[in-house]
Amino acid sequence: MTDPALTELLDLALEAARRAGALLRDGRPVDLGVAATKSSPIDVVTEMDIAAEKLITGYLSDFRPIDGFLGEEGASSPGSTGIRWVIDPLDGTVNYLYGLPTWAVSIAAERDGERVVGVVEAPMRRETYQAVLGGGAYANGNALRCRPAPPLDQALVSTGFNYVSKVRSHQADVAQQLIPRLRDIRRSGSAAVDLCDVAAGRLDGFYERGLHPWDLAAGDLIAREAGALTGGRPGLPADGDLTVAATPGVFEPLQAALEELGAWHD
């Protein structure tokens, strides 16, 4: 990577993600998952989510005060530099609530609408994923490459489910029809981590309906820079209707199967 502007953005994203990850890891109450009332743990998770986003936006604004922001917890400003930060301060909130390790901080930078930097910090896995457009993808300094493609019926694929019961029911129907065509299906609870696991060769593919830009911005770039293909419905980019990421050779038949099964609608 020789573009000093992208080097600066990457360094800022890495440090902001590291700080937010440490805040979430060290600030989580030990008994969060067994709090006395139903509202208590949810409120704590929301507070931690908001605190992490404020930490990230505050840190980035100290160095780049007129950049734009788009964040899950409400950070939204157009900026005037052509740079926009897309932030998910806590991807995998239910995992975080229950004390499961699969959650992450996700930060991406867009330049004139194109994703150019992505960082996913997974503190409980002690892993930091990063990518720069055209510069490859790395985890803890080691280059990432997606797996060689198996036949679809030998592919390990991850997915996610919506928390609205009607939507989740249809997603379960799709998964039920898809699973006989695959080796197996996994469900980690964090789209950002799933996309990074495709990049790292731990999964052959991933799909999910209903993702927001902050859910997929960093992970999508990391997966692509590791050699994976990403998209949505055939001919379309990954979006809220459908996000698909997979090693080449798995991507095409997986995307076609999801189109056939109606994974792109509720």
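**Strand pairing, helices, loops and spaces**

Guide: Let us begin with a bridge: Leu229 has Ala246, in strand 13, as its bridge partner. Please bear in mind throughout that this is a predicted model.

Visitor: How many bridges join strand 12 to strand 13?

Guide: Strand 12 (residues 229-231) and strand 13 run antiparallel and are joined by three bridges. Strand 13 also pairs with strand 11 (residues 205-208), again in the antiparallel sense, through four bridges. Ala246 takes part here as well, as the bridge partner of Gly205.

Visitor: Which residues of strand 13 point one way, and which the other?

Guide: In strand 13 (residues 243-246), Thr243 and Ala245 point to one side, while Val244 and Ala246 point to the other. All of these residues are buried.

Visitor: Where does Arg126 lie?

Guide: Arg126 lies in the loop between strand 5 and strand 6 (127-132).

Visitor: Why does Arg126 count as exposed?

Guide: The relative accessibility of Arg126 is 71%, and the cut-off for exposed is over 50%. Asp112 counts as exposed too, because its relative accessibility is 67%. A positive phi is also found at Gly201, which follows helix 5 and has a value near 80°.

Visitor: Is helix 5 mostly covered or mostly open?

Guide: Helix 5 (residues 191-199) is mostly covered, with nine of its nine residues buried.

Visitor: How does one judge the length of a helix, and what is the reach of helix 4?

Guide: One compares its span with the expected one. Helix 4 (165-178) has 14 residues and reaches 20 Å from its first C-alpha to its last, which is close to the 20 Å expected at 1.5 Å a residue.

Visitor: Which residues of helix 4 are buried?

Guide: Val167, His170, Gln171, Val174, Ala175 and Leu178 are buried. Viewed down the axis of helix 4, these buried residues fall within an arc of 145°, so they line one face of the helix. The face turned away from that buried side carries the exposed residues Ser165, Lys166 and Gln176.

Visitor: How is empty space located in a model?

Guide: Rolling a probe the size of a water molecule over the atoms shows where empty space is left. In this structure, a search of the whole finds one cavity of 30 Å³ or more. The largest cavity holds about 50 Å³ of space.

Visitor: Which residues line the largest cavity?

Guide: The lining consists of Thr159, Gly160, Gln171, Val174, Tyr207, Glu208, Arg209 and Ala263. Helix 4 and strand 11 each supply at least two residues of this lining. By class, the lining residues are three nonpolar, three polar and two charged. Gln171 and Val174 belong to the buried residues of helix 4 and also line the largest cavity.

Visitor: How much space lies in the largest pocket?

Guide: About 600 Å³ of space lies there. The lining of the largest pocket has 30 residues, and Glu72, Asp91, Thr93, Tyr163 and Asp215 lie nearest its centre. Two or more lining residues come from each of helix 2 (39-63), strand 3 (83-91), helix 3 (93-98), helix 5 and helix 6 (213-225). Helix 2 gives the largest share, four residues.

Visitor: How do the lining residues of the largest pocket divide by class?

Guide: They divide into ten nonpolar, ten polar and ten charged.

Key:
Residues numbered from 1 in each chain as written. Predicted model: local features only at pLDDT ≥ 70, side-chain atom pairs only at ≥ 80, totals over all residues. Heavy atoms only, no water. Buried < 20%, exposed > 50% of the residue type's maximum accessible area, 1.4 Å probe, protein only. Pairing = 2+ DSSP bridges. 1 Å grid on protein atoms, 1.4 Å probe; cavity = no way out; pocket = protein on both sides within 12 Å on 5 of 7 lines; lining within 4 Å. Points joined across faces, edges and corners; volume = space filled by probe spheres on them. Nonpolar A, V, L, I, M, F, W, Y, C, P; charged D, E, K, R; others polar. Expected span 1.5 Å × (residues − 1). Arc of directions from axis to C-beta.
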